[in-house]
Amino acid sequence: MAPRRDLPLDRDGSGRFLPWLIALMVYLACLALAGAIMLNDASARWQSGLTGSMTVQIPAPDTASLSEQPTVVAAILDVLKNTPGIRSALALSHDKVIDLIEPWLGQGNVASDLPIPVLIDIQLEENAAFDTVALAIQLEQVAPGTRLDDHEIWISRMLRLSQTVGAIAMSIVILIGIAAAATVVFVTRTGLAVHHGVIEVLHIIGARDIYIARQFQARALSLALRGGLLGLILAVLTLVLLTGIAGKLDGRLLPTLTISPWLWGSLAALPLAAVLIATLTARITVIRALSRLP
Amino acid sequence: MLRFQNVGLRYGLGPEVLRDVNLHLAPGSFHFLTGPSGAGKSSLLKLMYLGLHPSRGNISMFNQDVATIDRAELPGLRRRVGVVFQNFRLLDHLSTLDNVALPLRIAGAKEGTVREHVAELLSWVGLGNHLDVHPPTLSDGEKQRVAIARAVIGRPSLLLADEPTGSVDLEQGLRILHLFEQLNKIGTTVVIATHDRGLIRRFSHPVLKLERGKLKIRRRHAQPGHPQNNPGGTPEAAPDSSEPSAANETEDSHGPAS
């Protein structure tokens, strides 16, 4: 049943700015949440790309031993291929390694005489129990200076960064929710003060507290829905713009920013959360205020 | 119906505006409430319509102790009380029809019957052509009739009116009083606060007189040719009254309930 509109709530100015404030809050919350989710997605992609793989780095030979390098690489590959748990070991071509360096040095800036190490990409078998320390020692014996990188440090740092950013984003969203609730409390209290006379008449002729509270709830819902949708639309436009700009940049240094269905769903939930917060806050504020009447 | 026992009322830390009020309104009784300005008439009415908590003493309404009743049940009690406020307290943003319909809608009456009953009552008080008019465009007399219609539309068990004839001429005032008497005849308990001694003299109903916060109850006996005398709810009479009146009177200071 639609609530009655005995209170002229739409005629006072107390709620005039509420949709704009809610729009701003939902906009900021959307951006914070989107940032956290996109970083989390990128981190997960990096992690899944690196899990189950390792890299062997054979230092660039000096000029005197340049001719021995193919032999060294072959010996290393032989060790790797005979190690249980390794599915494949593939030495990256010189061009591919230069391709990996170019984002840092700039395209065409890699000097031909720059000592380039040989990189070997190792793919592990699934669930392989693997002693990386023993393998590293074995490789060091075959070719001194060879390093085995299992990406663990890098992955753990990325995860920590991703989790920290996620926690900060969630804190921001929660703070925005609290600010929205405080704003609704202020607007509702102003409405209660402005319409005190009408509320008293309704109270005296037998209106239950909830009868009056529903009218404030209905207005809070309407204002928060308008503001929430506006904030969501602005946030989506901003994100589309950002992902568009990011897509035009050289993507090798940047995480790929994509708006996943999960992100769309999370963003769509924010205006609904704003509506829920506004409605419940208005209801609780009115009920608490009216409980002080005789 | 309504019982006050040693009721006192003070606002904040101020002096008591009502002191040791003992009162029992029997069902179907009709009383005038009078007294000089500032005597506490409006405060007493507020206590009667549960618009205030007493500072001390007990109030019971419809056989329920107001102090101990569950707060959720108070709206149910209030719906059995019709109130005509001194300054009408109509909702200016609502039409005449919607103002009068408020008690029915709050009580959850079906919308179809609400409009029908309200239109009928407004026609009866001479405002049948003003259903969609808003209060600011009405005269004081018309506002008063709307306020009365709002108070009686829910067929209250107790009707409280604060100066209900204050804004109308004598003829209209008498008409309103006769409306209240008709409601009283069908069982509504009526209390009318008024300064108008002339109006009180025309009726033989008992008078509750407030002086400096103390309540005296004056019982009156109808003379031939006067409207009905309804002694219900008057306390035991005590002789002594010097108040000139068309009716014979006896007076009792906040005596025990009958």
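Modeller: Happy to! In this predicted model, a nonpolar patch on the surface is formed by A:F17, A:W20, A:L21, A:L221, A:L225, A:L229, A:L230, A:I233, A:L234 and A:L237. Together these residues have about 950 Å² of accessible area. Two elements of chain A give two or more residues each to the patch: helix 1, spanning 18–50, and helix 7, spanning 209–248. Helix 7 of chain A is the main contributor, with seven residues. A:F17, for its part, lies in the segment before helix 1 of chain A.

Now to the place where the chains meet. On the chain B side, 22 residues are in contact with 23 residues of chain A. The area buried between the two chains comes to about 2,000 Å², and carbon and sulfur atoms give 58% of that area. As for polar links, the rule finds nine residue pairs in polar contact across the interface of chain B and chain A, with both residues at pLDDT 80 or more. Looking at which parts of chain B supply the side that touches chain A, helix 2 (74–78) and helix 3 (96–106) are the elements that give two or more residues. Helix 3 of chain B gives the most, with four residues. Sorted by class, this side of chain B has 13 nonpolar, three polar and six charged residues.

Charged pairs are found here too: the rule gives two salt bridges across the interface of chain B and chain A. A salt bridge joins B:R89 to A:E200, and their closest N and O atoms are 2.5 Å apart. That pair may be a handy place to start when you open the interface in your viewer.

Definitions and conventions:
Residues numbered from 1 in each chain as written. Chains lettered and ligands numbered in written order. Predicted model: local features only at pLDDT ≥ 70, side-chain atom pairs only at ≥ 80, totals over all residues. Heavy atoms only, no water. Contact = heavy atoms within 4.5 Å. Buried area = accessible area lost by both parts, 1.4 Å probe. Salt bridge = Lys/Arg side-chain N within 4 Å of Asp/Glu carboxyl O. Polar contact = N/O pair within 3.5 Å; in protein donor to acceptor, adjacent residues only side chain to side chain. Nonpolar A, V, L, I, M, F, W, Y, C, P; charged D, E, K, R; others polar. Patch = residues over 30% accessible without salt bridge, like charges linked within 9 Å, V, L, I, M, F, W, Y side chains within 5 Å. Areas by Shrake-Rupley, 256 points an atom, 1.4 Å probe, with all protein chains shown as cover.
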